[in-house]
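Biologist: I'm new to this, so please pick one part, zoom in and talk me through it slowly.

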Amino acid sequence: MDPLTRNTREWFQDWANEYDSTLGKLGRHHAMLDLVVKESGVRDNDSILDIGCGTGLLSLKFLEKAECRILAIDSSAQMLSLFQEKIRKFNLSPHISCEQVSAEQMEFNPRQFDIIAATVSLHHVKEKEPVIQKIYDFLKDGGRFIIGEIDMDTTGDRDDPVRLTRILKYLTSELELAMREGGVQAFERMYDNGKKHILNDGEYCIGFDQWAALCKDAGFAHVDIIPVNEYEWFKVLVATK
Ligand SMILES: C[S@@+](CC[C@H](N)C(=O)[O-])C[C@H]1O[C@@H](n2cnc3c(N)ncnc32)[C@H](O)[C@@H]1O
């Protein structure tokens, strides 16, 4: 492996224990998750797939809103085990089950879910198109696919200074927030994340116009993009089948 890039599974294994006290502490992360839940229109008895669930911050917010049933998947055993501890602690197993499956490997029944959601996880997928197509297939007719993501195109040549300058603008605002809201521990984590996002070849964040085009190509009938108030780099996309 290129010595500059990092294995994403090892990255999250390493980050897991500090996740809730770093990114999980930032107001802008919660603002984005809250908007995802609001825009999903979740209702009692909905069946939800949470892709890249991490420590479960999004799934738990869905459950605060409605009596739904959630299947939460993630490629990192360490992130999942922290979520499973919360599920045990709050007796949530009738509502949530977890599986260690990557987005690329997921296999479910056609038209199985009312809502499929993914927050800051799908940018790690290198081949996004086949994954979005699977998501479309797994949704019921009228079902919604919701993404909460960074609105930034980081594709291109890793050594291109123009690309790096574009990413650094985002990082400056992100690191300022991290320091202000999460202290030096969050700052250090987000700084480290920034480096990985710049250097992990192929694991690109893309802009919302690019997410929208992928959803339209997959067959989604309507795509809406909603900004996360105050946080110019973050948006939510709702694609309806
Ligand atoms: C930044 S965390 C987001 C966690 C949670 N969705 C949230 O918003 O707090 C990204 C998560 O995506 C997971 N992940 C990364 N690549 C993945 C993939 N290809 N398939 C499934 N999960 C993946 C990581 O293990 C990690 O838990």
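Modeller: Let's start with Asn45, which sits in the loop between α2 (27-40) and β1 (47-51). Those labels come from DSSP runs, numbered from the N terminus: helices are H or I with at least four residues, strands are E with at least two. This is a predicted model, where local features need pLDDT of at least 70 and side-chain atom pairs count only at pLDDT 80 or more, while totals for chains, interfaces and linings use all residues. Residues are numbered from 1 along each chain as its sequence is written, and side-chain values use heavy atoms, with hydrogens and water left out.

Asn45 has a positive phi, near 75°, despite not being a glycine. Its relative accessible area is 69%, so Asn45 is exposed (exposed means over 50%, buried under 20%, partly exposed in between, using a 1.4 Å probe and protein chains only).

Arg111 is another non-glycine with a positive phi, near 55°. You'll find Arg111 in the loop between β3 (96-100) and β4 (113-119).

Now for a helix, α7 (residues 208-218): Phe208, Trp211, Ala212, Leu214, Cys215 and Ala218 are buried there. They span an arc of only 160° around the axis, so they lie on the same side of α7; the arc is taken from the directions from the helix axis to the C-beta atoms. An α-helix has 3.6 residues a turn, so residues three or four places apart point the same way. On the other side of α7, Asp209, Lys216 and Asp217 are exposed. The buried residues of α7 pack against α5 (128-138), β5 (139-150), β6 (222-227) and β7 (234-240), with contact meaning heavy atoms within 4.5 Å. After α7 comes Gly219, with a positive phi near 115°.
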